Amino acid sequence: MTEEFHRIRRLPPYVFEHINPIKAAARAAGTDIIDLGMGNPDLPTPKHIVEKLKETVNDPRTHRYSSSQGIPGLRKAQASYYGRRFGVKLDPDTQVVATLGSKEGFANMASAITAPGDVVLVPNPTYPIHSFGFIMSGGVVRSMPAEPNEHFFEALDRSVRHSIPKPIALILNYPSNPTAYVADLDFYKRVVEYCRKHEIFILSDLAYSEIYFDGTPPPSILEVPGAIDIAVEFTSMSKTFSMPGWRMGFAVGNERLIKALKRVKSYLDYGAFTPIQVAAAAALNGPDDCVSEVREIYQHRRDVLVDSFARAGWDVAPPPATMFAWTPIPEQFAHLGSLEFAKLLIKEADVAVAPGLGFGEYGDNYVRIALVENEQRIRQAARNIKKFMTEHGKRGDNVVKMSK
């Protein structure tokens, strides 16, 4: 009776469980921790979306069970968004399903399509659910390079040729969390051509489609002719409309995959609260100036982060997209690894970042910095880090790993 449950045994301890107690203890002691760790947007949901929620919630008919696949108006709104944004035509009845955020969508898609022992190709480092959704479903994960370059295709071909059984699916995530890599349409065309040839499904996470800074909107893989035959794409309203706590996302694309996801969800949930779905439809159908404003705020924060951290002695490459900077640990602390370095920053600089190890073993030389504090707080974080690095430099000490 004391043996660990089977699925729990397959899950390693969550890296951030080591960080959160340290943050909590510091705050309990009165320390002002500048939290650049969790990607939890701090911007308010636009007013017109909130007003639509308030209007709808006053109708008692909306208090009943909803639909697990999403109300028709919401699915139509998402299909219209894809038509406007990507030029992709979707059938809202057969090719669109609402999810409780993209994270839930990925997890339930994994459950729907994975048999024990199935091989899935997943980038490393990547957002944890991309791997652990399949691990919890009994699948086997094979790591792929995260950067969309020639090495990706070499690894893809090698993985397909040497995996037994042949992989059933490939996970893509561009713009990427945590690395902020961005893929172009030519990359997607090569991936689709290869996966169609080898009969491999593609699951694309496009949660950061509207958070970009170079003036070029990231494409959807469904823009590629024939992609709809093998691909499903997941999006989220959390970042685009600053609605993280609302838990609203979508899966769109291949009818067979969408049908499987809808069937699994029909056993597990009744969908989001109807007023939330109505408000989400209003967001998708409404003005997009609020989206531009969010993008501009993140870009300003990014620029402040890059500039102020450089002045502190920590060079951070400007991410082209997402709300994250993915950066190597400063050289003098590299031997610690990302988890111990993140602990040290909290204890000695009052700044929290996300250890790269939490996104896969190939992320352990990096940390992820989230743009979830205002510009003043980011500058303060840089000042704290400058003092921290200067003091360690003066001491000339070799920092050792802390006890847990």
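These legends go with close-up views of a predicted model.

**View 1. Helix α12 and its buried residues.**
Here we're looking at α12, which covers residues 289-311. Its 23 residues should span 33 Å at 1.5 Å a residue, and the end C-alpha atoms do sit 33 Å apart, so expectation and model agree. Quite a few of its side chains are tucked away: Cys290, Val291, Val294, Arg295, Tyr298, Arg301, Arg302, Val304, Leu305, Val306, Ser308 and Phe309 are buried. As a reminder, an α-helix has 3.6 residues a turn, so residues three or four places apart point the same way. Just past the helix, look for Gly313, whose phi is positive at about 100 degrees.

Zooming in on α12, we stop at Arg302. Buried or exposed? Arg302 has a relative accessible area of 12%, which is under the 20% cut-off, so it counts as buried. Which residues does Arg302 contact, once neighbours within four places in sequence are set aside? They are Phe213, Leu371 and a run of prolines, Pro318, Pro319 and Pro320.

Glu210 and Arg295 form a salt bridge here, with their closest N and O atoms 3.5 Å apart. Glu210 comes from the loop between β6 and β7, while Arg295 belongs to helix α12, so the pair ties together parts that are 85 residues apart in sequence. Both Glu210 and Arg295 are buried.

**View 2. Strand β7 between two partners.**
The strand to follow is β7, residues 231-236. With 6 of its 6 residues buried, β7 is largely enclosed by the rest of the structure. Both faces are covered: Ala231, Glu233 and Thr235 are buried on one side, and Val232, Phe234 and Ser236 on the other. One partner is β6 (residues 201-205), which runs parallel to β7 and is joined to it by 4 bridges; in that pairing, Ser204 has Glu233 as its bridge partner. The pairing of β7 with β8 (residues 249-253) is antiparallel, over 5 bridges, and here Ser236 stands opposite Gly249.

**View 3. The open sheet β9-β12-β11.**
This sheet has 3 strands in the order β9-β12-β11, with antiparallel pairing, and it is open. β9 (324-328) and β11 (354-355) stand at the edges with a single partner strand each, so one side of each has no neighbour in the sheet. Between β9 and β12 (residues 366-370) there are 5 bridges, and the two strands run antiparallel.

**View 4. Phe152 and the nonpolar cores.**
The largest nonpolar core has 55 residues, and Phe152 and Leu170 are those with the most contacts inside it. What does Phe152 touch, leaving out residues up to four places away in sequence? Its contacts are Met144, Pro145, Glu147, Leu170, Leu172, Tyr174, Phe187 and Val191. A second, separate core has 46 residues, including Leu43, Met323, Leu336 and Val353.

**View 5. Helices α7 and α8 bridged by Glu150 and Arg190.**
In this salt bridge, the closest N and O atoms of Arg190 and Glu150 are 3.0 Å apart. Arg190 lies in α8 (residues 185-198) and Glu150 in α7 (residues 150-162), so the pair ties together parts 40 residues apart in sequence. Arg190 is partly exposed, at 36% relative accessibility. Glu150 is partly exposed as well, at 42%.

Asp269 and Lys265 form a salt bridge whose closest N and O atoms are 2.9 Å apart. Asp269 counts as buried at 15% relative accessibility, and Lys265 is buried with a relative accessible area of 1%. Elsewhere, salt bridges with shared partners join Lys23, Arg27 and Asp35 into one network. The count of salt bridges comes to 19.

Cys195 is buried, with a relative accessible area of 0%. Cys290 is buried too, at 8% relative accessibility. How many disulfides turn up in a search of the whole structure? The search finds 0.

Technical notes. Residues numbered from 1 in each chain as written. Predicted model: local features only at pLDDT ≥ 70, side-chain atom pairs only at ≥ 80, totals over all residues. Heavy atoms only, no water. Buried < 20%, exposed > 50% of the residue type's maximum accessible area, 1.4 Å probe, protein only. Contact = heavy atoms within 4.5 Å. Expected span 1.5 Å × (residues − 1). Core = buried A, V, L, I, M, F, W, Y, C linked by side-chain atoms within 4.5 Å. Pairing = 2+ DSSP bridges. Disulfide = S-S within 2.5 Å. Salt bridge = Lys/Arg side-chain N within 4 Å of Asp/Glu carboxyl O.
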